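Welcome! Here is a short tour for anyone meeting this protein for the first time. Please have a look at the sequence and the model, and then read on.

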Amino acid sequence: MSDPSEPTCRLVRPDDTYDGKQGLTYFNGIAAETVGSKGVCMHLLTIPPGGRAKAHMHQSHETAIYVLDGEAIALYGDKLQHQAVTKAGDLFYIPAGVPHLPINISDRPISAVIARTDPNEQESVVLLPELEPYADAAIAKLMEKKIT
């Protein structure tokens, strides 16, 4: 019989979802809440066509993203003035404390694996509603380029 206080490997099947503060729905994955992890959180995210997150940052931890399928644009920076187009096979790094948000202006969903150095699913998410006007302006410009 195993000792319940002894660390052990755990299998997680991402069957259930949760709604994040960022405005997106995540598939449950590896986190303090699901397996008791102490230093990492990893889950799956699918952003539907036209979907986007709210402007936010993770104050004290880093984020790494691996895009499985589709294409999204990451807006980032103090006024969301920078952007990166991420496509299937790309890896994208977000340092701690950097405001950001992903958007999907394509007509297909985007799926990605998200890993963070905070084991909690949502505790260190800081919403930045003051940056929403910058996000709206950037998205309007992107949509204009897409149409023309």
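## Salt bridges

The structure holds three salt bridges, a salt bridge being a side-chain nitrogen of Lys or Arg within 4 Å of a carboxyl oxygen of Asp or Glu. Before we visit them, a word on the background: this is a predicted model, in which local features need pLDDT of at least 70 and side-chain atom pairs count only at pLDDT 80 or more, while totals for chains, interfaces and linings use all residues. Residues are numbered from 1 along each chain as its sequence is written, and side-chain values use heavy atoms, with hydrogens and water left out.

The table lists the pairs.

| Glu132 | Arg52 | 2.3 Å |

Arg52, Glu132 and Asp136 are linked in a network of salt bridges. Helices (H or I, at least four residues) and strands (E, at least two) are DSSP runs, numbered from the N terminus.

Asp69 lies in strand S5 (residues 63–69) and Arg108 in the loop between strand S9 (100–103) and strand S10 (110–116), so their pairing ties together parts 39 residues apart in sequence. Asp69 is partly exposed at 39%, and Arg108 is partly exposed at 42%.

## The sheet

Strands of a sheet pair through backbone hydrogen bonds, either parallel or antiparallel. In this model, an open sheet of six strands has the order S1-S2-S3-S10-S5-S8, with antiparallel pairing; two strands pair if DSSP finds at least two bridges between them. Strand S1 (17–19) and strand S8 (91–94) stand at the edges with a single partner strand each, so one side of each is left without a neighbour in the sheet.

Let us walk across part of the sheet. S1 is joined to strand S2 (residues 25–30) by three bridges, and Tyr18 stands opposite Tyr26 in S2. The hairpin of S1 and S2 has five residues between the strands, and Gly23 there takes a positive phi near 95°. S2 is joined to S3 by three bridges, with Met42 in S3 as the bridge partner of Ile30. S3 and S10 pair over seven bridges, and Met42 has Ala115 in S10 as its bridge partner.

## The largest pocket

Which helix gives the most to the lining of the largest pocket? Helix H2 (residues 132–147) does, with six residues. Among the lining residues are Lys79, Gln81, Tyr134 and Lys145.

Definitions and conventions. On a 1 Å grid over the protein atoms alone, a cavity is a set of points where a 1.4 Å probe fits but cannot get out, and a pocket is an open set with protein on both sides within 12 Å along at least five of seven lines; lining residues have an atom within 4 Å of a point. Buried means under 20% relative accessible area, exposed over 50%, partly exposed in between (1.4 Å probe, protein chains only).
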